[in-house]
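User: I would like a close look at one part of this structure, with the contacts around it set out in a connected account.

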Amino acid sequence: IQAMISTYDFYEGILNPSANRTNQYELVFTRNDFVVIDHQHQLIWAVGLRLIASAETVSDVLPGIHYAGYDDWRLPTLEELAALLRRPSDKRGYYYHHAFSELSFSQTMSCDQSSESLPSHTLGIWGISFETGRIISLPSTAYVPILPVRSLRKLPTDGTTGATIRGLKRNW
C-alpha cells in the first residue's frame, strides 16, 4: 500500500496527507442516471447507482446491471479507488472531489484481495473510506456499498478484474 501511495502520490489520511493530486472530474446526468467522468484516467463512475454486496456476492450482482446505457460495469481496483481520495472539499467533510457528492455512502470495496489478516475472517478485501480518507481492509463477508466503474473507451484489460490502470507509469 505504501509503495502504491508513494509511486502515484495518492492522498491517504495517515500515510500521505500532504498529497495534492488534481483530477478532472465531471458529474453528468445521462439517460436519467448520474455518472462521474474521470477524463484523466478515461473512466466512468456510477455514482447514482445504489448497490450493496459483499466480496463473496458481488459477482452475482454486477453482471446484471444496466446503468446509464452501459452493461459492462465492474469493481474498481484499489489504485482506481485510491486515486479518488483527497482532502475534504464538501460540507460533510468527505474525502472526495465535489463531483462525487451524489454518493450516499462512506466506504466502498475494490476488487483486490487484502493480505492483512482479519480477526475471524480468512479473506479480506481492500477498500477506501470516504469518511476518513483512508485505505481500509474489509472482511469479504461484509456487505458494503459498491461504486462500479467502467472504461470510458474500451482498453486492453488484464483479464482478471477488467482493470485498465495497472502497469501504468508513475505520472499516471
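Are Tyr 25 and Phe 100 buried or exposed? Please begin from these two residues and describe their surroundings.

Analyst: Both Tyr 25 and Phe 100 are buried; the model on which this rests is a predicted one. Their rings form an aromatic pair in edge-to-face geometry, with 5.1 Å from centre to centre and 85° between the planes. Because Tyr 25 belongs to strand S1 while Phe 100 sits in the loop between helix H3 (78–82) and strand S5 (107–114), the contact ties together parts that are 75 residues apart in sequence. The structure holds 10 aromatic pairs. Through ring pairs, Tyr 25 and Phe 100 are joined with Trp 45, Tyr 94, Tyr 96 and Phe 130 in a cluster.

Strand S1, which carries Tyr 25, belongs to an open sheet of 4 strands in the order S1-S2-S3-S9, with antiparallel pairing. Strands S1 (25–30) and S9 (149–151) stand at the edges and have a single partner strand each, so one side of each lacks a neighbour in the sheet. From one strand to the next, the twist averages 30°. The partner of S1 is strand S2 (residues 33–38), which runs antiparallel to S1 and is joined to S1 by 6 bridges. Within this pairing, Glu 26 stands opposite Ile 37 in S2.

At the other edge, strand S9 contributes Arg 150, whose side chain meets that of Asp 72 in a salt bridge (2.6 Å, N to O). This pair links distant parts of the chain, since Asp 72 lies in the loop between helix H2 (58–61) and H3, 78 residues from Arg 150. Arg 150 is buried, with a relative accessible area of 7%, whereas Asp 72 counts as partly exposed at 24%. Arg 150 also lies over the face of Tyr 70, at 3.7 Å from the ring centre.

The count of salt bridges comes to 3. Another of them joins the side chains of Arg 134 and Glu 12 (2.6 Å, N to O). Because Arg 134 lies in strand S7 (residues 134–139) and Glu 12 in the loop between helix H1 (2–8) and S1, this pair ties together parts 122 residues apart in sequence. Glu 12 is buried at 0% relative accessibility, while Arg 134 is partly exposed at 24%. A further salt bridge is formed by the side chains of Glu 80 and Arg 74 (2.8 Å, N to O). Glu 80 counts as buried at 1% relative accessibility, and Arg 74 is buried with a relative accessible area of 10%.

How values were computed: Residues numbered from 1 in each chain as written. Predicted model: local features only at pLDDT ≥ 70, side-chain atom pairs only at ≥ 80, totals over all residues. Heavy atoms only, no water. Pairing = 2+ DSSP bridges. Helix = DSSP H or I, 4+ residues; strand = E, 2+ residues; numbered from the N terminus. Axes fitted to C-alpha atoms, helices over the stretch in contact; angles between N-to-C directions. Phe/Tyr/Trp six-rings, centres within 6.5 Å; stacked < 30°, edge-to-face > 60°. Buried < 20%, exposed > 50% of the residue type's maximum accessible area, 1.4 Å probe, protein only. Lys NZ or Arg CZ within 6 Å of the ring centre and 35° of its normal. Salt bridge = Lys/Arg side-chain N within 4 Å of Asp/Glu carboxyl O.
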